[in-house]
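Subject: Structure for you to look at

Hello,

Here is the structure I said I would pass on. My notes on it follow below the model.

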Amino acid sequence: MKLTRDHQTLKAITDLIEYAFKKQQSIIDDPLFLSRYEHADCYGVYQENELTNLVMANHFEIQLFQQRIKMAGVGYVASYPEYRGQGGISTIMPELLSDLYEQGVAVSQLAPFSEAFYRKFGYEPTSRRKTYRIPANAFHYLTSDKRGSVKRGTWQQMKPLIQSIYQHLLTERQVGTVVREDWWWERLDEYYPHRFYAVTFDDTATAKGYIIYRMQGSTLVVDELAYENEFALKKLLTYLKAHVSSFEEFLYHAPVHERIEKCFQEQECLTITLEPYMMSRIIDIEQLLMKLPIHQEEIILEVTEDKECPWNVGSWLISQGTCQKVQKSGDISASIHGWSELLLGELTLAEGIFLGKFTVSNGVEAELFSKGQQSFYDYF
């Protein structure tokens, strides 16, 4: 059930979170927790007057090419150990998804503790991250860029420039990237209190990129690397190179489309790995299809199965910018799992057909759907 907002319920929520996530201190008065709680809906199960299971959904918007849609970031999924495996969370999720649909939320994202568990509720892996481990001596193979300049400052000093660059990059074929509101930006800064911020400027003194990073012993950890052009990328890497005398290794959890290795004349000393990150599910496919660029004037797309969001099931006629339900077989058919992977993730239609996730009729173009990029993954 959806939980009320009062002190007694807040105490029950924080007690459960503190136990389940092994918090060392009380969070009931923690501004970091409260900033997230105040922008969320909480759902739970009570047994014998005790809150035993919890799910929190934060409200965001994400970029969908040139459009924005509502997204629910699911987190703080928690149960006391004696109540785990008894179906508490499984009773919460259908109610949560139904409420989100009524609120006009089109999609949901989460960081899974178990892909199999969340797959039961229609989620599929849609995001990966690309991890770079770069030893200091690898920067010997990076040619320094002497153009422009870099300015380092506090969050408050750099905030307007960083937010402007982030906002500009959102318009560049992004799919699923969070549109960060001020409260979320501020929370990120407070959550990582020892982060550093730097912005690069071209020769006309125009900000073209930024880097956010932390120092952890002998490792420099890059949290975000954003750039509008080739100059900004090379200048920010040159800035990192200036730190080689202080660190043994540079660690960067990047979006999967990152290609900084191309800037190194020798790449063999870089360690690059790919790993799953976020899962997503479509809550309102009609809303999503209305806003997606589809490269065919008329086509019928069919959702064959969606147990938790049955309103998605059926055939949808896309024609001249409109979307309506029809009583016909689809030109392309898949469960909500397949559609979530295709429309919100990296999966292409050709890959989906090859893997048996989609069935198509003759004449369907393989490049029917535009593929976008996700950047700077946020964690819920």
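The chain has 380 residues and a radius of gyration of 23 Å, which agrees with the value near 21 Å that a compact globule of this length would have. Please keep in mind throughout that this is a predicted model.

Overall picture

Along its principal axes, the C-alpha trace spans about 60 × 60 × 35 Å. The secondary structure consists of 10 helices and 19 strands. Of the 380 residues, 54% are buried. Among contacts with a separation of 6 or more, 71% are between residues 24 or more positions apart. The exposed surface comes to about 17800 Å², and carbon and sulfur atoms supply 48% of that area. As for charge, there are 51 negative and 38 positive side chains. The centres of these two sets lie 4 Å apart.

S10 pairs on one count with strand S9 (residues 195-201), in the antiparallel sense and over seven bridges. Within that pairing, Val199 has Tyr210 of S10 as its bridge partner. S9 and S10 make a hairpin with five residues between them, and Ala205 in the turn has a positive phi of about 65°.

S10 is also joined to strand S11 (residues 219-227), again antiparallel, by eight bridges. Here Arg214 stands opposite Val221 in S11. S10 and S11 form a hairpin as well, with two residues between the strands. Gly217 in this hairpin takes a positive phi near 60°.

A general point for reading these strands: in a regular strand, side chains alternate between the two faces of the sheet.

Thr200

Leaving aside neighbours within four places in sequence, its contacts include Thr206, Ala207, Lys208 and Gly209.

Exposed loop residues

Which residues lie in the loop between strand S1 (40-47) and strand S2 (50-64)? Glu48 is one of them, and Asn49 is another. Glu48 has a positive phi of about 55° although it is not a glycine. Asn49, also not a glycine, has a positive phi of about 65°. Both are exposed: Glu48 has 75% relative accessibility, and Asn49 has a relative accessible area of 79%.

Gln25 is found in another loop, between helix H1 (7-20) and helix H2 (31-37). With a relative accessible area of 65%, where the cut-off for exposed is over 50%, Gln25 counts as exposed. From Gln25 to Gln373 there are 348 residues in sequence, and the C-alpha to C-alpha distance between Gln25 and Gln373 is 38 Å.

If you open the model, I would begin with S10, which pairs with S9 and with S11, and then turn to the loop that holds Glu48 and Asn49.

Regards

Note on methods:
Residues numbered from 1 in each chain as written. Predicted model: local features only at pLDDT ≥ 70, side-chain atom pairs only at ≥ 80, totals over all residues. Heavy atoms only, no water. Helix = DSSP H or I, 4+ residues; strand = E, 2+ residues; numbered from the N terminus. Rg over C-alpha atoms; globule rule 2.2 N^0.38 Å. Buried < 20%, exposed > 50% of the residue type's maximum accessible area, 1.4 Å probe, protein only. Contact = heavy atoms within 4.5 Å. Areas by Shrake-Rupley, 256 points an atom, 1.4 Å probe, with all protein chains shown as cover. Lys, Arg positive; Asp, Glu negative; His and termini not counted. Charge placed at Lys NZ, Arg CZ, Asp CG, Glu CD. Pairing = 2+ DSSP bridges.
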